[in-house]
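Hi everyone, thanks for making time this morning. Let me put the model up, and we can walk through it together.

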Amino acid sequence: MYEINNKYNIGEEVWTVYDAPYMIECPFCKGNKEVELNYTNFNTPEVISPTGIKVRCKNCNGEGKVSTPYKLKRTCKFKIHMIKASIQRDGTQSIKYKGHCPDPYISCNNRSENMLFSTKEEAEACAYKINMERTGKGV
C-alpha cells in the first residue's frame, strides 16, 4: 500500500507563478497610444506638414505597449479543485493540482507541486529567480 504525500489539499488557496507576456513601450507612439497624422507629398518621402489630427496607434492598438516574444513569470492565487497523483513501481510520486486563478484571463489550470506556494512572498521569490535566469532582470 502506498501513501500519497501531497503538500496541499482540495479547497486550499495557495499562490502560483504563470507566464505573462513581457510588454514594452510601443516604438511608434512612444506609449502615447495615439499618433499624429502628417500630410506628405506622394512624390517624396518627406513630411510636408503635420495636420494636428491624432488617431489611435494601430501598432499597439491604442494600448501604448506591445508584447515581445519573451515571457515573464507573474504571481496569482490558485484555488485547488482536484489532486491527481501518479505512483511509479519504484515508489516515486508525481502530484499535480487542478484548479484556477481568480482572474479569468490567466490560464493556470494545472500545476505541479513545485509551482505552488503557501505565501505570496514565496511565489514572488520564485518568479524573480526565473525572470533573472530568462532576462537578467527580476522584473
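Let's start at the surface, where Tyr2, Ile4 and Ile87 form a nonpolar patch. Together these three residues have about 270 Å² of accessible area. Tyr2 sits in the segment before strand 1, which covers residues 13–25. Please keep in mind that this is a predicted model. The chain averages a pLDDT of 86, and 88% of the residues score at least 70. Which elements have the lowest and the highest mean pLDDT? The lowest belongs to strand 3, residues 47–56, with 71, and the highest to strand 7, residues 116–117, with 96.

Five strands make up an open sheet, and if you read across it, the order is 6-5-4-1-7, with antiparallel pairing. At the edges you find strand 6, residues 110–112, and strand 7, each of which pairs on one side only. As a quick reminder, strands of a sheet pair through backbone hydrogen bonds, and that can be parallel or antiparallel.

Let's go through some of those pairs. Strand 5, residues 93–100, pairs with strand 6 in the antiparallel sense over three bridges. If you look for Lys96, you will see Ser112 of strand 6 standing opposite. On to the next pair: how many bridges join strand 4 and strand 5? There are eight, again in the antiparallel sense. One place to look is Lys79, whose bridge partner in strand 5 is His100. Strand 4 and strand 5 also form a hairpin with five residues between the strands, and there Gly91 takes a positive phi near 95°.

What does Tyr70 touch, leaving aside its neighbours within four places in sequence? The contacts are Ala20, Pro21 and Tyr22. Pro21 is 49 residues away from Tyr70 along the chain, yet their C-alpha atoms are separated by 6.4 Å.

Last stop, the helix. Helix 1, residues 120–135, lies across strand 1, strand 4 and strand 7. Against strand 4, helix 1 runs at about 135°.

Notes. Residues numbered from 1 in each chain as written. Predicted model: local features only at pLDDT ≥ 70, side-chain atom pairs only at ≥ 80, totals over all residues. Heavy atoms only, no water. pLDDT = per-residue confidence, 0-100. Helix = DSSP H or I, 4+ residues; strand = E, 2+ residues; numbered from the N terminus. Contact = heavy atoms within 4.5 Å. Patch = residues over 30% accessible without salt bridge, like charges linked within 9 Å, V, L, I, M, F, W, Y side chains within 5 Å. Areas by Shrake-Rupley, 256 points an atom, 1.4 Å probe, with all protein chains shown as cover. Salt bridge = Lys/Arg side-chain N within 4 Å of Asp/Glu carboxyl O. Pairing = 2+ DSSP bridges. Axes fitted to C-alpha atoms, helices over the stretch in contact; angles between N-to-C directions.
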